[in-house]
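Here are my notes on this one, jotted down while going through the model. Have it open beside you as you read.

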Amino acid sequence: MVEMANPGKHIEIVVQQLNKYNPENESVEHLLDESAKVLQTLNGTDEAFVLETLSGCIEYKPLLDIVVNAFFVRDGKHCLFSERNLYVVICYLATFQLEELGLQQFSRIVKSLDIAKMHKFLRFFFNVLNLSTWIKDEWSQIYDSLYVKENWIDPLLGWQPKIEQLIKQLADKLANRVTTVKTSTVTKPKEFDLTTPKPRAIPIPEPIPLQEKHQPVPQSTYKPPKEKQHLQQIKYRNRRRAEELLLEANVSQFRCATVKPEKTAPRGNISGIMKNKTKFQAQKIQGKIDNVPIKLNAAAILREGALYQRKMEQELNRIESLLRGAHDPSEFLEWQKQMREKDLEQQLAEIECRRLQGKLSHEEAVLARQNIIQENKKKAELKREETAELMRQYAEKRLQEEKEMRELVEQVVEGHKNVKQARMKLQKYKRQIVQEVSEESRELLRQALEEEEEKIRKRYELIQQIRAIESLPFFRKKFVDLTQTAGYGFSGEMSIVELRERLALLKEAQKKAEEEKRDQIIHEKQAKEQLLLDKLEQISLFRAALGRAAALKQEEKKIKFQLTEGPVKDERVLDLQKKITEKTMERKKQAEILKITPQKDGAGPGRSWETYGNSLQEPHWKEMEESREQQFKMLQNGLLSRETAQKMAAYQAARIGATSCILR
């Protein structure tokens, strides 16, 4: 092939035509015709080369895009995307025209372009690993794999050693290339020819004023402030007042039970187990709780009104069903109530049995504990002998350690004698380092000062330019007519005056709608208040009726309870009480034999059984007080009958050996 005179110019023409080509708006034939008009100045050989290269780049565009896109992703991250068609042309010549051009002509084309760009692209494209792996696979997806391997990949691999030499030549040129940097002449400032000022006259020295005599330090500086003393007095008075209030609260505190000594009961009773039994005496609840005023809100009034309305409807339905011949369930409910009371009595007996069984197991545990104490004494004696032996061995070990420590101290004292000489050497070395560092810091400070002066000079020049620009005149007045439209031709266009009038009309309409809404809300509120008043009147009538019915029912239950007998003792309870008495007597005899004071688990030595019994009753009093309050609330709300409450009170009193109180 005939050599081209200027191959770099021909490649630039192909790249320009590819940049202009748009496949959506222009065909390939039209592009070639336009390019032929541009290439009329070239000879026939150069024109044929340019047209053939241009048509080949368009025909094999999918294959070439695969390589060029991968190059920009991997090695060409910092290359300009506007030079993409240049790499497309080089890729086409290397793949399809290398056999026809020859290595020499191809080298001339490559060397006529930018050496750094060509070196980077050829090193990426003629990499054996890239050609054998992903380039071959991607091209095989478009064309037949066998055709790709035989016609394109194998020829490229055959040219690879020669192209490698070309790549080395390009690398050598890059390494030997010297970059010339244009140095601009620095403007040297000249001093202004100014008149030298006259020397200033030496001022007459002013007389030194004498200092005034300072005031002495006040004596209050060395005394505590009065505010602190005042705060201490207030703190003392507050403490005295708090102590008086605490004493008054302890004296007049609420007492629902008083502890009094009780006489010794017979052997068959539970109270005969412990000598000093406490007696429970509850205070009577004073006042009428039913008449406490409660403030109701609207929701509570409507809820209670609906409740009474529902009860009234249920009562009317019940009366209608009775008139139609339905059965009255009162007898069944009475039988059901009696059976529940029997079940409650059985449960109370079971609870008492379990309590007595626990007390019996406690007595047995005390006996077992006394036996364990004897065994622990023997073990403690053996442990004491072992401890004495260990202490003797520890003393010998401590003497040996003290002797070794004394020898170590003597060695350390000898080593301290050479410390002074080492310290002098270290100070001399540090002084030398400080001198070197100060010289370096002085040089850096000088360079920083020069750079800062240059920055200040540039900033001053920039400020002068900005001030010159700001000094130019600028007219900012603009005359506006509020009665005229903007003239943009919109359908709803209006002037500022018309807009303000329409906004005023809109505000008046909005204000009128708000007043109507406010009147409507006031009427609805008045209707709601009237409804609540009607509901309150209805609720008061229902409450009065229910209060009278509850009073009659309470009187009937009181009369019925007086006719019934108290709870009957269970045989199992009596049997367990007898066993507990026998175990207690056995434990006391064994304690007298062993001369050991009975103790409770976890209690300190010296506590007697009577003290333990009194401490055991304290939680029972608290529990009984809480149970009385709970029973009263349930009785008041109608959830518990008075007869059941009296039985539960008698059971609680029998548990702790106190007299029962009647809830009123």
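1. Is the crossing of α4 and α9 left-handed or right-handed? It is right-handed. This is a predicted model, by the way, so please read every value below as computed from it. The angle between α4 and α9 is about 145°, and their axes lie 10 Å apart. On the α4 side the contact uses L63, I66, V67 and A70, and these meet W134, I135, E138 and W139 of α9. Sorted by class, that contact holds 7 nonpolar residues, no polar ones and 1 charged one.

2. A word on the overall picture. The protein has 18 helices and 0 strands. It runs to 664 residues, and 23% of them count as buried. If you take the contacts with a separation of 6 or more, 71% are between residues 24 or more positions apart.

3. Helix α10 deserves a look of its own. It spans residues 145-176 and bends by about 50° at Q160. A proline, P161, follows within four residues of that point. Q160 is itself one of the buried residues of α10, and the list also includes V148, W152, I153, L156 and W159. Further along the helix, I163, L166, I167 and L170 are buried as well.

4. What do the buried residues of α10 pack against? There are several partners: α4 (61-73), α5 (84-96), α6 (98-101), α7 (103-111), α8 (115-125) and α9 (128-140).

5. The crossing of α7 with α10 is right-handed. From α7, the residues involved are L103, F106, S107, V110 and K111. They meet W159, K162, I163, L166, Q169, L170 and K173 of α10. By class, this contact divides into 7 nonpolar, 2 polar and 3 charged residues. W159, I163, L166 and L170 are also on the list of buried α10 residues.

6. Next, I90, which sits in helix α5. Why call it buried? Because its relative accessible area is 0%, and the cut-off for buried is under 20%. Setting aside neighbours within four places in sequence, I90 touches F106, L113, M118, F121 and L122. F106 is 16 residues away from I90 along the chain, with 9.3 Å between the C-alpha atoms. F106 is also one of the α7 residues that meet α10.

7. On to the aromatics, where the count comes to 20 pairs. Take Y87 and F121: the ring centres are 5.5 Å apart and the planes are at 35°, so the pair is tilted. It links distant parts of the chain, as Y87 is in helix α5 and F121 in helix α8, 34 residues apart. Y87 is buried at a relative accessible area of 0%, and F121 counts as buried at 0% too. For F125 and F126, the centres are 5.2 Å apart and the planes are at 75°, so that pair is edge-to-face. Both F125 and F126 are buried.

8. Which residues do the ring pairs link into a cluster? They are F71, F72, F81, Y87, F121, F124, F125, F126 and W134.

9. Lastly, Q577, which is found in helix α16 (residues 571-594). Its relative accessibility is 5%, so Q577 counts as buried. Q577 and Q357 are 220 residues apart in sequence, yet their C-alpha atoms are 9.1 Å apart in space.

Methods:
Residues numbered from 1 in each chain as written. Predicted model: local features only at pLDDT ≥ 70, side-chain atom pairs only at ≥ 80, totals over all residues. Heavy atoms only, no water. Bend = angle between axes of the 7 residues up to and from the residue. Helix = DSSP H or I, 4+ residues; strand = E, 2+ residues; numbered from the N terminus. Buried < 20%, exposed > 50% of the residue type's maximum accessible area, 1.4 Å probe, protein only. Contact = heavy atoms within 4.5 Å. Axes fitted to C-alpha atoms, helices over the stretch in contact; angles between N-to-C directions. Left-handed = near helix turned anticlockwise from the far one by under 90°. Nonpolar A, V, L, I, M, F, W, Y, C, P; charged D, E, K, R; others polar. Phe/Tyr/Trp six-rings, centres within 6.5 Å; stacked < 30°, edge-to-face > 60°.
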